[in-house]
Amino acid sequence: MKAKWIALGCLGLLVVAVLVVGGSIAGTYNKLVTLDQAVRAQWGQVENVYQRRLDLIPNLVATVKGAANFEKSTFLAVTEARSKVGQITGGQMEHLIDNPEKFRQFEQAQAGLSSALSRLLVTVERYPDLKATQNFRDLQAQLEGTENRIAVERMRYNEKARAFNTYRQSFPQNIIAGFFGSKFAEKPYFKAKEGAESPPKVDFGK
């Protein structure tokens with residue numbers, strides 16, 4: 001009889017242990033899902049502001065092309081940089097945070113576009129009649145606002161990614177996350193290049 005009670009006690013302890021471990025795994029899984037979804041939601045905001053900039057570029061290029069003697073190579077560089085961004089994303093932008101290499105390529109392409117836009121806007125300074133048009137004044141406000149939003153949304157994305165990565169890398173979450181393969185892979189960060197602490201200045205000569 002004593003052996004029977006001992007066996008029942010051991011079985012009870014085993015059941016309790018399974019329930020505790022199972023509950024811990026379930027809680028960790030749910031927290032990982034919550035943090036992962038927060039990263040993806042913020043990535044959607046990053047996507048929106050970058051798309052806003054892409055949508056503004058055709059109007060900018062069209063306006064510049066209408067100016068007499070404006071350097072053709074300058075706006076062609078912007079067009080080509082915009083095209084490169086499109087080639088990187090290929091309609092799969094929502095998957096970039098699951099592919100660190102593609103994420104880096106995307107970041108580099110966007111940096112190239114920012115550089116091309118900056119060069120174009122500097123060139124505009126040599127065309128006072130062009131920068132004084134109403135169209136340019138409108139584009140100035142829109143581009144400046146968009147560049148600022150890009151900087152803000154990138155920062156917010158990094159904060160969400162850092163929260164996820166910190167939790168995921170902690171023990172025992174790192175072990176549990178490992179059970180699910182790439183589903184809870186670490187999230188890549190946007191990295192500011194030297195001299196890129198602030199968004200590109202958009203100034204058509206106010």
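The expected span of a helix is taken as 1.5 Å times one less than its number of residues. By this criterion, helix H2 of the predicted model, which comprises the 18 residues 72-89, is close to expectation: the distance from its first C-alpha to its last is 26 Å, against an expected 26 Å.

The buried positions of H2 are Thr74, Phe75, Val78, Ala81, Val85, Ile88 and Thr89. These residues lie on the same side of H2, because the arc they cover around the axis is only 140°. Such a pattern can be related to helical geometry: an α-helix has 3.6 residues a turn, so residues three or four places apart point the same way. The face of H2 turned away from this buried side bears the exposed residues Lys72, Ser73, Glu80 and Gln87.

H2 also contributes to the largest nonpolar core, which contains 45 residues. At least two residues of this core come from each of H1, H2, helix H3 (100-124) and H5, and H1 gives the most, with 13 residues. In soluble globular proteins, nonpolar side chains tend to be buried together. Within the core, Trp43 and Tyr157 have the most contacts. When residues up to four places away in sequence are not counted, Tyr157 touches Val39, Gln42, Trp43 and Val46, together with Ile97 and Phe103.

Beyond its neighbours within four places in sequence, Thr28 is in contact with Tyr167, Gln173 and Ile176. The loop between H5 and helix H6 (173-178) holds Pro172. The peptide bond leading from Phe171 to Pro172 is cis, with omega near 5°, whereas most peptide bonds are trans.

The mean pLDDT of the protein is 83, with 80% of residues at 70 or more. Confidence is highest in helix H5 (residues 134-169), at a mean of 93, and lowest in helix H1 (residues 2-65), at 80. Two segments have pLDDT under 50 throughout: residues 195-200 and residues 202-206. For residues 195-200 the model has 6 contacts beyond four places in sequence, and for residues 202-206 it has 20 such contacts. Where pLDDT is low, the predicted coordinates should not be read in detail.

Methods:
Residues are numbered from 1 along each chain as its sequence is written. Side-chain values use heavy atoms; hydrogens and water are left out. pLDDT is the predictor's confidence in each residue, from 0 to 100. Helices (H or I, at least four residues) and strands (E, at least two) are DSSP runs, numbered from the N terminus. Contact means heavy atoms within 4.5 Å. Buried means under 20% relative accessible area, exposed over 50%, partly exposed in between (1.4 Å probe, protein chains only). The arc is that of the directions from the helix axis to the C-beta atoms. A nonpolar core is a set of buried Ala, Val, Leu, Ile, Met, Phe, Trp, Tyr and Cys residues joined through side-chain atoms within 4.5 Å.
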